[in-house]
Amino acid sequence: MLEIKLFERPLDAKHCIDFVSEGGVGAINVFIGSVRDHTQGKRVVRLEYEAYAPMAIAEMEKIARQAVAQFGALKIAVHHRVGTLEIGEAAVVIAVSTPHRQASFEACQYIIDTLKQTVPIWKKEIFEDGEIWVAAHP
Amino acid sequence: MKISVLAFGIAKDITGQRFLDWELGENAKLADLRAELEAKFPALLELAALRLAVNSEYANGDAVLKENDEVAIIPPVAGG
């Protein structure tokens with residue numbers, strides 16, 4: 001029912017959609033977070049993601065199980081990238097299936113919002129003239 | 001007792017290494033370790049937030065540590 005993984009290679013959104021589609025579900029919602037080419041007016045060259053892998057998987061599984069309990073999600077795939085990402089590449093793919101559409105939107109939003117707050121994954125933005133760990137300082 | 005400390009993201013830059021062996025008194029609590037880490041690496045205090053996890057679970061300061069526990073220093077996360 002859940003497929004939660006970290007990858008060091010490009011993510012496969014089609015695989016996530018296929019995973020949650022099995023079995024005649026009514027609605028499928030997909031969120032893809034991808035690498036922006038700028039932050040606060042500065043051009044981003046690339047991103048580097050780092051994860052505390054066993055805990056990141058465990059926290060994403062908790063979030064997915066909560067989405068099943070709270071929104072009645074049928075199947076959920078959460079694939080997150082780690083390592084070096086170029087502009088435009090997908091950092092995260094979240095696919096959710098539910099019986100009806102409204103719950104699919106709510107579950108997908110719940111998963112990405114909570115992931116950003118609790119999952120131990122860190123992002124470094126590399127600029128032409130320096131680098132910064134995102135959100136590290138107030 | 002000896003525990004393992006793991007540092008991620010900017011915390012790894014601050015401590016200078018991913019893995020640190022740490023010696024603590026018996027029955028030390030997570031808050032004791034946090035105070036020691038912040039004393040040795042004061043730049044940790046400048047972060048927007050700092051959480052600690054024990055054996056891959058977020059834990060509070062009153063958690064009691066045991067020999068060979070793995071404590072992760074978790075600066076503000078930024079996944080997605």
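Author: Gladly; what follows goes through the terms one at a time.
This is a predicted model, in which local features need pLDDT of at least 70 and side-chain atom pairs count only at pLDDT 80 or more, while totals for chains, interfaces and linings use all residues. Residues are numbered from 1 along each chain as its sequence is written, and chains are lettered from A and ligands numbered from 1 in the order in which they are written.

Reader: How do you know how confident the predictor is in chain B?
Author: By pLDDT, the predictor's confidence in each residue, from 0 to 100. Chain B averages 97, and 100% of its residues score at least 70. For the model, ipTM is 0.95 and pTM is 0.95.

Reader: What makes two strands of chain A a pair, and which strands form the open sheet?
Author: Two strands pair if DSSP finds at least two bridges between them. The sheet has four strands in the order β1-β5-β7-β2 of chain A, with mixed pairing. β1 (2-7) and β2 stand at the edges with a single partner strand each, so one side of each has no neighbour in the sheet.
β1(A) and β5(A) run parallel and are joined by six bridges; there, A:Leu6 has A:His80 as its bridge partner. β5 (residues 75-81) of chain A pairs with β7(A) in the antiparallel sense over six bridges, where A:His80 stands opposite A:Val92. β2 (residues 27-34) of chain A and β7(A) are also antiparallel, over eight bridges, with A:Asn29 opposite A:Val96.

Reader: Why is strand β7 of chain A called largely enclosed?
Author: A residue is buried if 20 or more other C-beta atoms lie within 10 Å of its own, exposed if 12 or fewer, and partly exposed in between, with C-beta atoms placed from the backbone. Eight of the nine residues of β7 (residues 90-98) are buried, so the rest of the structure largely encloses this strand.

Reader: How do you know whether B:Asn68 and A:Ala135 are exposed, partly exposed or buried?
Author: B:Asn68 has 10 other C-beta atoms within 10 Å and is exposed; it lies in the loop between β4 (57-58) and β5 (70-74) of chain B. A:Ala135 has 18 and is partly exposed; its place is in the segment after β9 (130-133) of chain A.

Reader: What makes a set of residues a nonpolar core?
Author: Its members are buried Ala, Val, Leu, Ile, Met, Phe, Trp, Tyr and Cys residues joined through C-beta atoms within 7 Å. The largest has 51 residues, and those with the most contacts inside it include A:Val96 and B:Ala72. Helix α2 (residues 53-71) of chain A gives the most to this core, with seven residues.
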